[in-house]
Structure formats: structure tokens, C-alpha cells
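Biologist: Could you show me the model before we discuss its strands and helices?

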Amino acid sequence: MSSRSKGEVALAEALAADPLPGWDLTEQHAFHPDRKWAFDFAFPSLKLAVEVDGVGHHRCFRRVRQDTEKLNEAARLGWRVLRFQAAEAKKAAEWAAFIREVLVTPL
């Protein structure tokens with residue numbers, strides 16, 4: 001497992017500052033039965049995932065292709081994925097508010 005980006009740390013802190021009671025938030029949630037893929041954050045009971053995309057990781061075509069495969073497979077398994085950019089970590093409180101809004105909005 002790689003180290004957490006500043007964006008992931010900022011989001012974890014923002015979510016911890018105003019906890020989501022009753023939601024099953026997990027970090028580094030393995031979601032695939034065969035592959036070693038994990039979401040940065042997930043609410044498994046709702047199949048809602050959150051990915052914080054680091055700048056360095058997404059400069060390489062191979063890694064972008066791997067992420068595309070991962071997110072397409074997640075969709076096939078019924079997951080919704082929210083994505084945020086680690087470079088905008090200062091917006092972590094806004095991300096947390098958006099996640100809360102998605103959690104309480106019926107599908």
C-alpha cells in the first residue's frame with residue numbers, strides 16, 4: 001500500500017472533524033473479489049466510494065489506464081465513485097460536505 005496523499009489526509013481529517021454517524025466509512029477498502037484494488041474511502045453498505053487522485057500517479061498513461069480499468073470494474077460491480085484531486089486538498093471540507101449530500105440524497 002502506498003503512502004497517503006495530502007488530499008487523502010485532508011479528507012480523512014475533514015470527515016473526522018464532523019463524523020457521519022451511522023455510516024460505515026472505511027479507508028483502503030478492498031472491493032474486488034479477485035483483484036487487489038482498494039478505494040481510498042468507501043461506504044460499503046451503499047457501494048459508494050471516494051477516490052482522491054494524486055497528481056504524480058495520474059501523469060503516467062499506464063496508471064491512468066489501470067485506474068480506468070479499476071473504475072469500470074467498480075461500476076460493473078454496482079459501485080458509485082466520487083473523485084477529487086489531491087492537489088486541491090484545501091477544499092477537503094467542501095469534499096466532505098459534498099459526500100454528506102450524496103449520502104443523504106436518495107438514488
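Predicted model: local features only at pLDDT ≥ 70, side-chain atom pairs only at ≥ 80, totals over all residues.

Biologist: Which way do strand 2 and strand 3 pair?

Modeller: Strand 2 (residues 38-43) and strand 3 are antiparallel, with three bridges between them. Phe41 has Val50 of strand 3 as its bridge partner. The two strands form a hairpin with four residues between them, and Lys47 in the turn has a positive phi of about 50°.

Biologist: And how many bridges join strand 3 to strand 4?

Modeller: Six bridges join them, and these two strands run parallel. Leu48 stands opposite Arg80 of strand 4.

Biologist: Are the faces of strand 3 covered or open?

Modeller: Both faces are covered. Leu48, Val50 and Val52 are buried on one side, and Ala49, Glu51 and Asp53 are buried on the other. In a regular strand, side chains alternate between the two faces of the sheet.

Biologist: Changing topic, at what angle do helix 1 and helix 3 cross?

Modeller: The axes of helix 1 (residues 6-17) and helix 3 (residues 92-104) cross at roughly 60° and come within 8 Å. That angle makes helix 1 oblique to helix 3. Their crossing is right-handed.

Biologist: Which residues make that contact?

Modeller: Helix 1 contributes Gly7, Ala10, Leu11, Ala14 and Leu15. From helix 3 come Ala92, Ala93, Trp95, Ala96, Ile99 and Arg100.

Biologist: How many of the residues in the contact are nonpolar, polar and charged?

Modeller: There are nine nonpolar residues, one polar and one charged.

Technical notes
Residues numbered from 1 in each chain as written. Heavy atoms only, no water. Axes fitted to C-alpha atoms, helices over the stretch in contact; angles between N-to-C directions. Parallel < 35°, antiparallel > 145°, perpendicular 65-115°, else oblique. Left-handed = near helix turned anticlockwise from the far one by under 90°. Contact = heavy atoms within 4.5 Å. Nonpolar A, V, L, I, M, F, W, Y, C, P; charged D, E, K, R; others polar. Buried < 20%, exposed > 50% of the residue type's maximum accessible area, 1.4 Å probe, protein only. Pairing = 2+ DSSP bridges.
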